[in-house]
Amino acid sequence: MADVAETDSFVVRWATTKDTQEILRMNEELTTFHHDPVSACAGAQKGLPEEIKNNSYWVQVLVAERQPATAERQLVGFALVNPGYSCYSGRRLRLEAIYVEDKYRGRGIGKALMKAIAKHATEQGCKKISWTVIGWNEKGISFYEALGATKDKWEQFSLKEEAIVRLSQEGE
């Protein structure tokens, strides 16, 4: 891959079907960064292309595109958000993932992605954008705090697929 030139600029835009393979590649890199096996993102790897193709309610993906785009790689970051509704704040967006390739960090791309998410949230009448961050990711935490984000009092819990199936079939 060519070196990053100081004159490179970036555009943030909504993902299209043609971006799917690069988003999946970056999602694998993000999974590795989180110290998870790549197999942990198998569900997304399988379902994301169809979600993007169908302009799904469940998946809204912004991408950061290098300008000028190179033949071998044009996307250098992405953010995946989901709409939701909070019984406290009403409409909200959930930031599921944000990722900027390592060598492009510190160039304002992450902030540009977050700004685009904030603009989208405002346009949709959302009163809150929420996300989680791994506790050891001090750079990420500092980045979010610099944007004005604050840690709330809630702990996140998750039911994974096996537990969902078990619970849904309980008592049958």
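Guide: Let's start with a pair: Val63 has Phe78 of strand 3 as its bridge partner. Before going on, a word on what you're looking at: this is a predicted model, where local features need pLDDT of at least 70 and side-chain atom pairs count only at pLDDT 80 or more, while totals for chains, interfaces and linings use all residues. Numbering starts from 1 along each chain as its sequence is written, and side-chain values use heavy atoms, with hydrogens and water left out.

Strands here are DSSP runs (E, at least two residues), helices are runs of H or I with at least four, and both are numbered from the N terminus. Two strands pair if DSSP finds at least two bridges between them.

Now the other side of our piece. Strand 2 (residues 60-67) is also joined to strand 1 by six bridges, and the two run antiparallel.

Zoom out a bit and you get an open sheet of five strands, ordered 1-2-3-4-5, with mixed pairing. Strand 1 (9-14) and strand 5 (128-130) are the edges; each has a single partner strand, so one side of each has no neighbour in the sheet. On average, neighbouring strands are turned by 25 degrees against each other, direction ignored; the axes are lines fitted to C-alpha atoms (for helices, over the stretch in contact), and angles run from 0 to 180 degrees between N-to-C directions.

How covered is strand 2? Mostly: seven of its eight residues are buried. Buried means under 20% relative accessible area, exposed over 50%, and partly exposed in between, using a 1.4 Å probe and protein chains only.

Among the lining residues are Trp14, Glu51, Ile52, Tyr57, Gln60 and Val61. By type, the lining divides into six nonpolar, five polar and one charged. Nonpolar covers Ala, Val, Leu, Ile, Met, Phe, Trp, Tyr, Cys and Pro; charged is Asp, Glu, Lys and Arg; the others, Gly among them, are polar. On a 1 Å grid over the protein atoms alone, a pocket is an open set of points with protein on both sides within 12 Å along at least five of seven lines, a cavity is a set where a 1.4 Å probe fits but cannot get out, and lining residues have an atom within 4 Å of a point.

One last stop ties in a helix. His120, in helix 3 (residues 109-123), contacts Trp14, Gln60 and Leu93 once neighbours within four places in sequence are set aside; contact means heavy atoms within 4.5 Å. His120 is buried, at a relative accessible area of 11%.
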